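I opened this notebook to get my bearings in a chain that was new to me. I began with overall totals and then turned to the aromatic rings.

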Amino acid sequence: MKNKFFKYSAIFLLTFVIYIAGTLPLRDILAVFTVTDVRPGAVINPFLSMCFGPVASLACAVSNFVADFISGYPNTVLIEGLPLQFLYGFISYLLWKKLTKGDDHSYRLDSVTKVLKFILVAFVYAIISCIGVGLLVVTNYGGSLLEVAKFVFLNNFDMTVVLGLPLMIVANIVVSGIHREKFRTLSLNELLILFTSVIEAIGIGVIIYATYSTYINAINQTYEVWNNIFFYSVIFINLTIVTMLIFMKLIENKFKN
């Protein structure tokens, strides 16, 4: 009982620190709507929930509550957002557990099927979060539900796929190394995922530089600049994801034959 308490406490605290560090510093810089923003940290909730279960989902909800409080959001937003944040992670956990049931290496993304399962979880997470955040924003501040939901969906889906896939590989390698005292060899699919992640990082860097270069007074046009960067990046990211999956399938078929 004591061991479980310390284990869950460690998961909760680690998740709390990671979530705060991964989301709070960028809120003012990347703000787009009143209570949402471009969040690379959107991956943290589903990723850690898939890895550590409901405790991580709860920690993400609490840490998001704290981050919203620090950001000065009204009490109604804080209270309404708490259960929603828990559900985002918890549903991702349940779906991943269902999709990988019976798989001895459920966290090893060494096949197209497993990558597609991860992308499906990211898609469902993006759907429920865009509905939840959209309703939260419109109910408390007004505005267009479709516009907010579209933005949140694209942000949460792409961030979860782009950052979640390499994070899953790294986490699996580290855990395998700890248990076996030796890091395992990466599969071709995993190498392709990591290579694609590097290409995406370089591409996004180029997009940021090119977009800022077109604005003379970029400091006074932060929202407009980041809106453009976001949508250019979304197009680029989704093209790379599709290309990556095509190459994965071709490689898999070649080795099968």
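Entry one, burial and surface. I looked up how much of the chain is covered and found that, of its 257 residues, 45% count as buried; I keep in mind that this is a predicted model. The accessible surface comes to about 13700 Å², and carbon and sulfur atoms hold 71% of that surface.

Entry two, the fold. I noted eight helices and two strands, and reading along the sequence I wrote down the pattern α-β-β-α-α-α-α-α-α-α. Among the contacts with a separation of 6 or more, 74% come from residues 24 or more positions apart.

I looked up the aromatic pairs and found a count of 11. One of them joins Phe123 and Phe157 edge-to-face, with 6.4 Å centre to centre and 85 degrees between the planes. Phe123 belongs to helix H5 (residues 112–141) and Phe157 to helix H6 (residues 145–180), so this pair ties together parts that are 34 residues apart in sequence.

Phe153 and Phe157 form a stacked pair, 5.9 Å centre to centre and with 0 degrees between the planes. Because they are four residues apart in helix H6, about one helical turn separates Phe153 from Phe157. Phe153 is buried too, with a relative accessible area of 18%, which is under the 20% cut-off.

Conventions. Residues are numbered from 1 along each chain as its sequence is written. This is a predicted model: local features need pLDDT of at least 70, side-chain atom pairs count only at pLDDT 80 or more; totals for chains, interfaces and linings use all residues. Side-chain values use heavy atoms; hydrogens and water are left out. Buried means under 20% relative accessible area, exposed over 50%, partly exposed in between (1.4 Å probe, protein chains only). Contact means heavy atoms within 4.5 Å. Accessible areas come from the Shrake-Rupley method with a 1.4 Å probe; for residues, only the protein chains shown count as cover. Rings of Phe, Tyr and Trp (its six-membered ring) pair if their centres lie within 6.5 Å; planes under 30 degrees apart count as stacked, over 60 as edge-to-face and the rest as tilted.
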